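Thanks for coming, everyone. Please look at the sequence and the model on the screen. I'll walk through a few spots.

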Amino acid sequence: MITFIDMTGMRKIEDQLRINEACMRVALESSPVCVFNQDLELHYTWIHDSTAYILSEDSIGSDDAACFMPKTAGELTKRKRDVLESGVGTRLSLDLTTKTATHRVQLAVEPLRDSAGRLTGVTGAAVLEQESLGAGKVK
C-alpha cells in the first residue's frame, strides 16, 4: 500500500513563514530597537539589537546584573519579575545604563508562553528614544 500526502498546504505555510521572517528582519534592522527573550530565571536566551547600543549576542546566558549598572539592573529585574508573577505585560520609559553609556528607551515586556500556554519567560523590546539616537550620554 502506498500513501500520498499532499504537502501543498505545508509548503505554502513555510513560504509565508519565510516571507514574514524576512519582513520582520528588515523592520528590525531599520529601526532603533533591541528585542530579546529571557527564561524564567531572567537569563537572556535570544537577542537582536540593531542599535548595537543596548545588548549584544555575547549577553546570551547573562542576566541584567551582568549587562547593566546596578540601579538599571535592579529596575529591569523588578519589572520583569512583576510580569512573570502577574502574567501581564508592562510598558515604561527609562534610562538604560551600561558600563559605557546611558540611553533613554521605551521598554515593553510581555510574558512568553509555550504552545501549551505555560509561562516560559519574558519577551521584550527596547526602542531608543529620539534624543538617544546616534550617541548615548557617556558616563
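Start with Ile 13, which sits in helix α1, residues 8-29. Helices here are DSSP runs of H or I, at least four residues, and strands are runs of E, at least two, numbered from the N terminus. This is a predicted model: local features need pLDDT of at least 70, side-chain atom pairs count only at pLDDT 80 or more, and totals for chains, interfaces and linings use all residues. Residues are numbered from 1 along each chain as its sequence is written, and side-chain values use heavy atoms, with hydrogens and water left out.

Is Ile 13 buried or exposed? Exposed, because its relative accessibility is 57%. Buried means under 20% relative accessible area, exposed over 50%, and partly exposed in between, with a 1.4 Å probe and protein chains only.

Now Leu 76. Its place is in helix α3, residues 70-86. Leu 76 counts as buried because its relative accessibility is 3%. Which residues does Leu 76 touch, leaving aside neighbours within four places in sequence? Asp 64, Phe 68, Leu 94, Leu 96 and Leu 107. Contact means heavy atoms within 4.5 Å. Asp 64 is 12 residues away along the chain, yet the two C-alpha atoms are separated by 7.1 Å.

Next, α3 as a whole. Its buried residues are Thr 72, Ala 73, Leu 76, Lys 80, Val 83 and Leu 84. Seen down the axis of α3, they fall within an arc of 100°, so they line one face of the helix. That arc is taken from the directions from the helix axis to the C-beta atoms. On the other side of α3, Pro 70, Lys 71 and Glu 85 are exposed. After α3 comes Gly 87, with a positive phi near 75°.
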